[in-house]
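Please look at the sequence and the structure together before reading on.

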Amino acid sequence: MSSKKPLRVGLVGTGFMGRTHSNGYSQVSHFFPELAYTPVMQAVCSRNAEKVQAFADQWGYKSIETDWRALIARDDIDAVDICTPNDAHAEIAIAAAEAGKMVLCEKPLARTVAEAQKMVDAIEKAGVANTVWYNYRRLPAVSLAKQIVDSGKLGRIFHYRANFLQDWTISADLPQGGAGLWRMDAEAAGSGVTGDLLAHCIDTAMWINGAISDVSAVTETFVKERLHQVTGKVQPVGIDDACIFHCHFANGSLGLFESTRYARGHKALYTFEINGANASIRWDLHDLNRLEYFDHSDEGIVRGWRSIHVTDGDQPYMNKWWVPGLGIGYEHSFIHQVADFLQSLETGGPCHPTFRDALETQKVCEAVLDSASSRSWKDTGVTSFAV
Ligand SMILES: NC(=O)c1ccc[n+]([C@@H]2O[C@H](COP(=O)([O-])OP(=O)(O)OC[C@H]3O[C@@H](n4cnc5c(N)ncnc54)[C@H](O)[C@@H]3O)[C@@H](O)[C@H]2O)c1
């Protein structure tokens, strides 16, 4: 019998994120044995009974539900974890908070700022523990980038540059909407690459470099009409296929962000680079255990970009894993977020990014889309960002 306190999780959604989160719950107590809480995979919910039972059997959930309302009504669930498409986040999160459940929600928090604000209001009124899965923060090399910036090693920061490039929607024959393709449908997704991909870049950027104050953006929808899988009709495409924006950060630095699903050859090329007066940093998701670092104070004859293999025990999270020199992967960012959430229950502190933090990211996303449609600069309304 474990002496740990159980956190009984009810997961909603059994797709890509349902799997990464389930892996996080399965693994966390093996690698973070000091935590007082341990997740119990109490129930999983998805609409198809046969499929959700197969998922429960595969991952070790104790029970299933086919309606998230029934999951929330159960008194043996402490925390509801939302892994559904974006159009279901608000309704589930608000109902869960009102029922007194802790809520973990996938990103983007919602489709719009108005929707996200209602979620924040419900969560804060209920006073329940919460977090949003902007998981890239918790890759060791990304956490190390933040530590280096916070240490002041870069000096005054001039530039923050980020890309998130994919190529999976180039074919005009790809339909929109329905299972697997909800990201192509503005009604389900809220937006295209801005909410799906740039939201990650914006969260990381504001965490490392502070608030984004104002933005100027351009978006494009390259394929204007696609067959809708649900209606069976050819319909206008409402999402942004590509988005490029530049911005001011509150600290006076300039930002440049680009995302597209039309960059042939790139599958998930998330990169960022930060240039300061004394040093620069760059990172690439395709080589996620490495952080590149240039320090202008190095002796001239050996000065150059260093490639830091972020696998040593004194680097973020790495004392939890194997031995120095051995890398970890994408899935570990979710294990780390589960661990940090469990730890926040012990300390009583927030697990950033909270719903409120994710609302700030949503404000930037919305300002980007407004800027593109109005062809003008937009203030984001974000003045500070929690770290
Ligand atoms: N953090 C990340 O890096 C990351 C990566 C991918 C997706 N996401 C986010 O995670 C969420 C899910 O994305 P995904 O890629 O896992 O999608 P997916 O299409 O793979 O899975 C969605 C799941 O939700 C289920 N679902 C849909 N509506 C439901 C409802 N009303 N009740 C119960 N189940 C329902 C579907 O059956 C499916 O199992 C989205 O908000 C997405 O933006 C985040």
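## Two paired strands

Strand β1 (residues 5-12) and strand β4 (residues 79-82) run parallel and are joined by four bridges; two strands count as paired if DSSP finds at least two bridges between them. Strands (E, at least two residues) and helices (H or I, at least four residues) are DSSP runs, numbered from the N terminus. Within this pair, Gly 10 has Val 80 of β4 as its bridge partner.

This is a predicted model, in which local features need pLDDT of at least 70 and side-chain atom pairs count only at pLDDT 80 or more, while totals for chains, interfaces and linings use all residues. Residues are numbered from 1 along each chain as its sequence is written.

## The whole sheet

The pair belongs to an open sheet of six strands, in the order β3-β2-β1-β4-β5-β6, with parallel pairing. Because β3 (63-65) and β6 (130-132) stand at the edges with a single partner strand each, one side of each is left without a neighbour in the sheet.

## Around the ligand

The ligand is surrounded by 22 residues, and the closest are Gly 13, Gly 15, Phe 16, Met 17 and Glu 106; a residue is near a molecule if its C-beta atom, placed from the backbone, lies within 6 Å of it. Helix α1 (residues 16-31) gives the largest share of this shell, three residues.
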